Amino acid sequence: MVIKIVKATLADSQEIRKLEEKVWWKGVTSPYDAATFAEYGLTFIARDNQKIVGAIIAIPTMKKEMRVLDWIVHHSYRRKGIGKSLYQRLFKSTKGRPILTYVDVKNTTSLNGHHKLEFTVLKKMNHPYGRKKDHPAFLLRRE
């Protein structure tokens, strides 16, 4: 198994959405957002031959930070360093800019992974996306 981490293209956007639907049981990004993020954000994918098995989607904020919207690895490819490799590619591309992300307070696997990548918890937010039905999440930051 040779996994390659590459910058996503517009043509990859719908396959990224299909991966989200497999892993999260719903799309995190809309069909239009996925294309926009692939075209104008920093979106990297992990490929096993022609199959996308992981992705990280980040966008710049007005404060010159980067905000990770999604970090995803297919279940059968986890614990192989793919998630770490996706973040390392993002770190290299952001040239030291601070990186922010939200992680559901119950998602201990993601929290542990982010901790290993030197993220710190800034605060707990009850409605991180402004909707009452949102699960509480931690706002994380890496300098």
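Contact here means that heavy atoms lie within 4.5 Å. The structure described is a predicted model, and in it His-135, leaving aside neighbours within four places in sequence, is in contact with Asp-104, Asn-126 and Pro-128. His-135 is placed in the loop between β6 (120-125) and β7 (137-142). The C-alpha atom of this residue is 32 Å from that of Ala-11, and the two residues are separated by 124 residues in sequence.

The overall fold is considered next. The secondary structure of the chain consists of 4 helices and 7 strands, arranged along the sequence in the pattern β-α-α-β-β-β-α-β-α-β-β. The radius of gyration is 14 Å, which agrees with the value near 15 Å that a compact globule of 143 residues would have. Taken along the principal axes, the C-alpha atoms fill a box of roughly 40 × 30 × 30 Å. Of the 143 residues in the chain, 45% are buried. Among contacts between residues at least 6 apart in sequence, 59% join residues at least 24 apart.

The surface and the charged side chains were also examined. The chain exposes about 8700 Å², of which carbon and sulfur atoms supply 53%. There are 28 positive and 13 negative side chains, and the centres of these two sets lie 3 Å apart.

Arg-47 belongs to strand β2 (residues 42-48). This residue counts as buried because its relative accessible area, 17%, falls under the 20% cut-off. When residues up to four places away in sequence are not counted, Arg-47 touches Val-2, Ile-3, Lys-4, Asp-12, Glu-15 and Ile-52.

Tyr-77 is located in the loop between β4 (66-73) and α3 (82-94). With a relative accessible area of 11%, Tyr-77 is buried. The side chain of Tyr-77 is joined to that of Asp-48 by a polar contact of 2.6 Å. Apart from residues up to four places away in sequence, Tyr-77 touches Met-1, Ile-3, Asp-48, Lys-51, Val-53 and Ile-82. Leu-139 is 62 residues from Tyr-77 along the chain, and the C-alpha atoms of the two are separated by 26 Å.

Backbone geometry was examined at two loop residues. Most residues other than glycine have a negative phi. Arg-79, by contrast, has a positive phi near 65 degrees without being a glycine. Arg-79 lies in the loop between β4 and α3, and a relative accessibility of 77% places Arg-79 among the exposed residues. Glu-118 likewise is not a glycine and has a positive phi, of about 75 degrees. The position of Glu-118 is in the loop between α4 (108-116) and β6. Glu-118 counts as exposed because its relative accessibility is 57%, a value over the 50% cut-off.

Terms used: Residues are numbered from 1 along each chain as its sequence is written. This is a predicted model: local features need pLDDT of at least 70, side-chain atom pairs count only at pLDDT 80 or more; totals for chains, interfaces and linings use all residues. Side-chain values use heavy atoms; hydrogens and water are left out. The radius of gyration is taken over C-alpha atoms; the globule rule is 2.2 Å times the number of residues to the power 0.38. Buried means under 20% relative accessible area, exposed over 50%, partly exposed in between (1.4 Å probe, protein chains only). Accessible areas come from the Shrake-Rupley method with a 1.4 Å probe; for residues, only the protein chains shown count as cover. Lys and Arg count as positive and Asp and Glu as negative; His and the chain ends are not counted. The place of a charge is taken as NZ of Lys, CZ of Arg, CG of Asp or CD of Glu. A polar contact is a pair of N or O atoms within 3.5 Å; within protein, one must be able to donate a hydrogen and the other to accept it, and residues adjacent in sequence count only if both atoms are side-chain atoms.
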